[in-house]
Amino acid sequence: MAINMRTIPSIAVFLSALLAFGYAAPATATPVKGDYFHTGAGAHYLERAKGDIVAVPLHGNINVLMGSGANIVVLSGSEGKFLVDAGIKPSKDKLQAALNRIGPSPLKYVVNTHWHWDHTDGNEWMHAVGATIIAQIHTLKHLSETTHVDDWNWTFAPVPAGARPTILVENEKEFTFAGDTIKVEHFGPGHTDGDVVVYFEKADVMALGDAFWNGNYPFIDNEDGGSVNSAIAFANKIIEHTTDKTILVPGHGRVGNRAQLIEFRDMLVAVRDKVAALKSQGKSLEEVIAAKPTAAFDAKWGRFVIGPEFFTKLVYEGLPARSQEDPS
């Protein structure tokens with residue numbers, strides 16, 4: 001959820017996308033070139049939403065819907081549908097059609113894995129058709145107040161009351177739905193302070209939100225409780241809670257497995273260690289970027305909405321200052 005100028009549509013494409021959808025982005029006082037909805041990931045997700053929703057069947061009656069912001073997991077049964085993440089409003093009609101193709105039962109629950117727009121923008125319409133929103137308590141906090149994200153150059157207004165979670169998770173809640181036991185778990189701060197994972201026990205499927213980007217550099221929300229260190233710690237907790245048979249659904253990228261999550265975690269650790277070593281030497285952000293600490297990983301991981309330089313910046317700014325690491 002950040003900026004890679006090589007892969008993000010131009011301002012003209014972005015504006016045409018808004019007109020095509022009849023959509024107004026969450027308001028900031030003065031939209032400018034270089035912000036989330038003009039040249040950042042928001043523009044990418046709006047452009048992608050012009051295409052079709054892709055449904056990927058998993059175990060049993062669980063599907064993944066791709067193409068509306070973040071990946072959406074759907075457990076469907078006779079009593080209704082249990083979703084993980086809500087996508088973005090411009091995809092509403094296509095998303096409703098895709099959900100209807102899965103089955104006729106209504107929406108009952110939607111879990112937000114964290115507060116970011118591409119995971120929560122659909123909350124309002126989903127609540128209006130009957131869904132109850134579930135999230136960690138910090139996610140409710142962020143959705144209920146004005147939140148400015150420097151890394152996106154954008155200010156998000158509080159979401160409407162109907163778009164806010166009403167079932168809140170502190171550390172863990174368990175649900176029984178459509179023949180499965182569902183655990184919503186918070187392992188402490190991750191890429192934000194409100195990350196949760198959702199585990200469908202019978203199906204052995206876990207939805208990870210942006211705790212896992214399969215094959216892509218992740219966004220790390222340093223301003224809202226995340227850091228590279230907490231993202232690594234969160235990934236380690238997921239690894240402990242899964243097996244080689246567990247199907248892992250990332251927030252972005254293809255459905256994966258534990259080996260791919262371990263590869264993602266190892267990439268975070270390697271880049272963190274390189275950046276930390278340079279920062280401990282007193283190197284400035286510009287000097288660290290120039291040293292290309294991500295070079296060994298860029299060909300695979302640096303081709304989505306977050307490029308190598310931006311990822312380096314996120315890692316650098318999330319690490320303790322030199323004075324905190326070495327008081328001498």
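N123 is buried, at 1% relative accessibility (buried means under 20% relative accessible area, exposed over 50% and partly exposed in between, with a 1.4 Å probe and protein chains only). This residue belongs to helix α5. The model is a predicted one, in which local features need pLDDT of at least 70 and side-chain atom pairs count only at pLDDT 80 or more, while totals for chains, interfaces and linings use all residues. Residues are numbered from 1 along each chain as its sequence is written, and side-chain values use heavy atoms, with hydrogens and water left out. Helices (H or I, at least four residues) and strands (E, at least two) are DSSP runs, numbered from the N terminus.

**Surroundings of N123**

- Apart from neighbours within four places in sequence, N123 touches A86, V110, N112, I133, L143, G162 and A163 (contact means heavy atoms within 4.5 Å).
- Helix α5, which holds N123, covers residues 123-128 and also contains E124.

**The seven-stranded sheet**

- An open sheet of mixed pairing is built from seven strands in the order β1-β2-β3-β4-β5-β6-β9; two strands pair if DSSP finds at least two bridges between them.
- Strands of a sheet pair through backbone hydrogen bonds, in either a parallel or an antiparallel arrangement.
- Four bridges join β1 to β2 (residues 62-66) in the antiparallel sense, and V54 has M66 of β2 as its bridge partner.
- Helix α3 (residues 92-102) lies across β2, β3 (72-77), β4 (80-84) and β5 (107-111). The helix runs at about 160 degrees to β2.

**Salt bridges**

- The whole structure contains ten salt bridges (a side-chain nitrogen of Lys or Arg within 4 Å of a carboxyl oxygen of Asp or Glu).
- K89 and E124 form one of them, with their closest N and O atoms 4.0 Å apart. This pair links distant parts of the chain, 35 residues apart: K89 is in the loop between β4 and α3, and E124 is in helix α5.
- K89 is partly exposed, at a relative accessible area of 33%, and E124 is likewise partly exposed, at 32%.
- E263 and K300 meet through their side chains in a salt bridge of 2.8 Å, N to O. Here too the partners come from distant parts of the chain, with E263 in helix α8 (residues 258-280) and K300 in helix α10 (residues 298-301), 37 residues apart.
- Relative accessibility is 32% for E263, which is partly exposed, and 38% for K300, which is also partly exposed.
- A further salt bridge joins the side chains of E317 and K313, at 3.0 Å from N to O. Because these two residues are four residues apart in helix α11 (residues 308-318), about one helical turn separates them.
- An α-helix has 3.6 residues a turn, so residues three or four places apart point the same way.
- E317 is partly exposed at 39% relative accessibility, as is K313 at 22%. Through salt bridges with shared partners, D151, K313 and E317 form one network.

**Helix α7**

- Helix α7 (residues 228-240) has 13 residues, which at 1.5 Å a residue should span 18 Å; the end C-alpha atoms lie 19 Å apart, in agreement. The expected span is 1.5 Å times one less than the number of residues.
- Buried residues in α7 are V228, S230, A231, I232, F234, A235, I238 and I239.
- Elements covering these buried residues include β12 (197-200), β13 (205-213), α8 and α11.

**Residues with positive phi**

- Most residues other than glycine have a negative phi.
- D85, a residue other than glycine, has a positive phi near 75 degrees. It lies in the loop between β4 and α3 and is buried, with a relative accessible area of 2%.
- D204 is not a glycine either, yet its phi is positive, at about 60 degrees. The loop between β12 and β13 holds D204, which is buried at a relative accessible area of 17%.

Key
Axes fitted to C-alpha atoms, helices over the stretch in contact; angles between N-to-C directions.
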